[in-house]
Amino acid sequence: MSGIRSGTRTPPSRTGGPAVSPWKSVRRTAGLVVFGWASAAATTGVAYLTLGSEVVPIAVGFLLCLTFAVLLLLLHRALWLTVLSAVPALFVLVGAVQYAPEAALEQRGVREKVVIVADTAAGTSSDNHRFTLRGTDGKELEEKLGFNGDAWAPKVGDRLDVISDPEGAVPMEQAEEVDAAGRLGGLVGGTVTWTLMAVLAGWRGHVRRRRGRDSLAYQLL
């Protein structure tokens, strides 16, 4: 009995490794792509629901981006693509968190010209600025303009265009820094890059499995 009964052994692939279903790899890849887009949408939705508080959407977005990286690693079975995915993840996180408040300011915000008359950080070592503003009518605005950092910080006496939220849900911002379209572009661009990475990871991961390199000893190349 020198023959081998049919169906008792999984035939090897053409590359010499175990047979791997291409449809299984396609399903895994498609699932990761859907997860990436869903993560971007979910973070944006949370940012809309929690306008005025960036802590919650940042926490949710960070966890989803981290989960995407782990899933990408499991799909690809190599580390380098996962490391590179941190760059588009940053665009996704920043875009998703900042798009909602800036879109709200563009849609319903009130734009006005002001002059800075006081700075809470003046004469101190703090770089946490809270500027008191005076409008064109000579009255001081109740809301202060926040600015963190010393680089490019406005000075007392500077004239600015600002946009404030009449509902008070979104902090005031300098008009030149409000760019909802740019935030959306970064969000979409980061998600598209995630998609391309997922497709590459799915293809390379499938090849690695066919070659019998499907182990937890991840390689850099």
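I began with residue classes: Ala, Val, Leu, Ile, Met, Phe, Trp, Tyr, Cys and Pro count as nonpolar, Asp, Glu, Lys and Arg as charged, and the others, Gly among them, as polar. The model is predicted, so to speak of local features I need pLDDT of at least 70 and for side-chain atom pairs 80 or more, while totals for chains, interfaces and linings use all residues. Residues are numbered from 1 along each chain as its sequence is written, and side-chain values use heavy atoms, with hydrogens and water left out.

**Entry 1, pockets.** I looked up pockets, each an open set of points on a 1 Å grid over the protein atoms alone, where a 1.4 Å probe fits, with protein on both sides within 12 Å along at least five of seven lines; lining residues have an atom within 4 Å of a point. A volume is the space filled by probe spheres set on the points, which are joined across faces, edges and corners. The largest pocket holds about 620 Å³, and of its 25 lining residues Glu 54, Gly 146, Pro 171, Met 172 and Glu 173 are the closest to its centre. Helix H4 (86–108), strand E3 (145–148) and strand E5 (173–174) are the elements that give two or more residues to this lining; I take helices (H or I, at least four residues) and strands (E, at least two) as DSSP runs, numbered from the N terminus. I noted ten nonpolar, seven polar and eight charged residues in the lining of the largest pocket.

The second largest pocket holds about 190 Å³, and its lining has nine nonpolar, two polar and no charged residues. Helix H2 (55–76) and H4 each supply at least two of its lining residues, and the largest share, five residues, comes from H2.

I then looked up nonpolar cores, sets of buried Ala, Val, Leu, Ile, Met, Phe, Trp, Tyr and Cys residues joined through side-chain atoms within 4.5 Å, where buried means under 20% relative accessible area with a 1.4 Å probe and protein chains only. The largest has 16 residues, of which Leu 32, Leu 72 and Trp 194 touch the most other members. Helix H1 (22–49), H2, H4 and helix H5 (180–210) each give it two or more residues, and H5 gives the largest share, five. Apart from it lies another core of eleven residues, including Ile 116 and Met 172.

Beyond its neighbours within four places in sequence, Thr 132 is in contact (heavy atoms within 4.5 Å) with residues including Val 115, Ile 116 and Glu 140.

Terms used. Buried means under 20% relative accessible area, exposed over 50%, partly exposed in between (1.4 Å probe, protein chains only).
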